[in-house]
Amino acid sequence: MFRKAAVRGLFYPSSAEEAEKFISENTAGTPPCEALAVMLPHAGWIYSGSTAVKTASRVRIPDRVILMGPNHTGLGARVSVYPEGRWETPFGDVKTDGDMIKKLTSSHICSEDAMAHINEHSLEVIVPILKHFNPDIRITPVTVMGLSSETCRAMGELLAQVCDDNTLVVISSDMNHFENASVTDRKDNAALQAVLALDEKELARTVSGMNISMCGAVPAAAAITYCKLKGCTKTELVEHTHSGYVSGDYDRVVGYAGVIFHK
């Protein structure tokens, strides 16, 4: 199955030359480290691309990546795994990982489904960045929506079962949406504190209790469970910013963060 890019030229450059220039200008100048997972933002590159690139460039991108983010459209399965096929990017098509797709969809938690992915941007905007750093990458795209804490944990346990040492889990999430910069910074910092502490229960309590519109809180919670089961003890906040620094509008911003979950 072939997934044609839905937001190419809107959320990120349509040409390989422009995309290459943007990524090169925002790549961190440090050697990449080994990581179990990373959390990257997924807004238009003009707003959050720098944070995404800085964070992705800090880790070794292996050949196998599970890319997990929120379902904004409401279409498709609750946990939707894209079928075997290819995704279009400015740098050429990226193959999906047939073996990993089979492993995930053999569980009752995940469904093989393309509908949720057709117009969803949360994973698409990240794929060209990953391909830039590893042209041989194979991806397993997964969107999630509205999972219970029990299902989040089960998803994390499933990831721990199917992922080997050459697999990176990439969480796609923006932070708080459309409040002023002061409120967003306060809410984002509270949510990030739970993420960095590897406390998925506290993340859920904080997001719910403070009414934080962190769209990737569910995949982040699942990934935290996964990382702890894999022995993660160190996390790192690479960058936290918001759209106001670009737009100049500090009254209605969206927060963005890049986090590394170290091996």
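## Close-up views of a predicted model

View 1. Glu34, Ala35, Arg60, Pro62, Asp165, Thr167, Leu168 and Lys263 form the lining of the largest cavity. Please keep in mind, here and in the views that follow, that this is a predicted model. How many cavities of 30 Å³ or more does a search of the whole structure find? The answer is one. The volume of the largest cavity is about 30 Å³. Sorted by class, its lining has four charged residues, three nonpolar and one polar.

**View 2. Helix α3 meets helix α5.** Here we look at helix α3, residues 98-105, beside helix α5, residues 149-162. Their axes come within 10 Å and cross at roughly 140 degrees. The two helices, α3 and α5, are therefore oblique to each other. The crossing in which α3 passes α5 is right-handed. To find the meeting place, look for Met100, Lys103 and Leu104 in α3, which meet Leu158, Leu159 and Val162 in α5. The residues of this contact comprise five nonpolar and one charged, with no polar ones.

**View 3. Helix α5 again, now with helix α8.** Helix α8 covers residues 217-229, and α5 packs with it at an angle of about 45 degrees. The axes of α5 and α8 are 7 Å apart. This pair, α5 and α8, is therefore oblique, and α5 passes α8 in a right-handed crossing. On the α5 side, the contact is made by Cys152, Arg153, Met155, Gly156, Glu157, Leu159 and Ala160. Their partners in α8 are Val218, Ala221, Ala222, Thr225, Tyr226 and Leu229. Nine residues of the contact of α5 with α8 are nonpolar, two are polar and two are charged.

**View 4. Helices α6 and α7 side by side.** Helix α6 runs over residues 181-196 and helix α7 over residues 200-209. How do α6 and α7 lie to each other, roughly parallel or roughly antiparallel? Their axes cross at roughly 170 degrees and come within 8 Å. Helices α6 and α7 are therefore roughly antiparallel to each other. Ala190, Ala191, Ala194 and Val195 in α6 meet Glu202, Leu203 and Thr206 in α7. The contact of α6 with α7 divides into five nonpolar residues, one polar and one charged.

**View 5. Glu236 and its surroundings.** You will find Glu236 in strand β11, which spans residues 235-242. Which residues does Glu236 contact, leaving aside its neighbours within four places in sequence? With those neighbours set aside, Glu236 is in contact with Arg58, Leu196, Gly258, Val259, Ile260 and His262.

Technical notes: Residues are numbered from 1 along each chain as its sequence is written. This is a predicted model: local features need pLDDT of at least 70, side-chain atom pairs count only at pLDDT 80 or more; totals for chains, interfaces and linings use all residues. Side-chain values use heavy atoms; hydrogens and water are left out. Axes are lines fitted to C-alpha atoms, for helices over the stretch in contact, and angles run from 0 to 180 degrees between N-to-C directions. Helices (H or I, at least four residues) and strands (E, at least two) are DSSP runs, numbered from the N terminus. Angles under 35 degrees count as roughly parallel, over 145 as roughly antiparallel, 65 to 115 as roughly perpendicular and the rest as oblique. A crossing is left-handed if the near helix is turned anticlockwise from the far one by less than a right angle, and right-handed if clockwise. Contact means heavy atoms within 4.5 Å. Ala, Val, Leu, Ile, Met, Phe, Trp, Tyr, Cys and Pro count as nonpolar, Asp, Glu, Lys and Arg as charged, and the others, Gly among them, as polar. On a 1 Å grid over the protein atoms alone, a cavity is a set of points where a 1.4 Å probe fits but cannot get out, and a pocket is an open set with protein on both sides within 12 Å along at least five of seven lines; lining residues have an atom within 4 Å of a point. Grid points are joined across faces, edges and corners, and a volume is the space filled by probe spheres set on the points.
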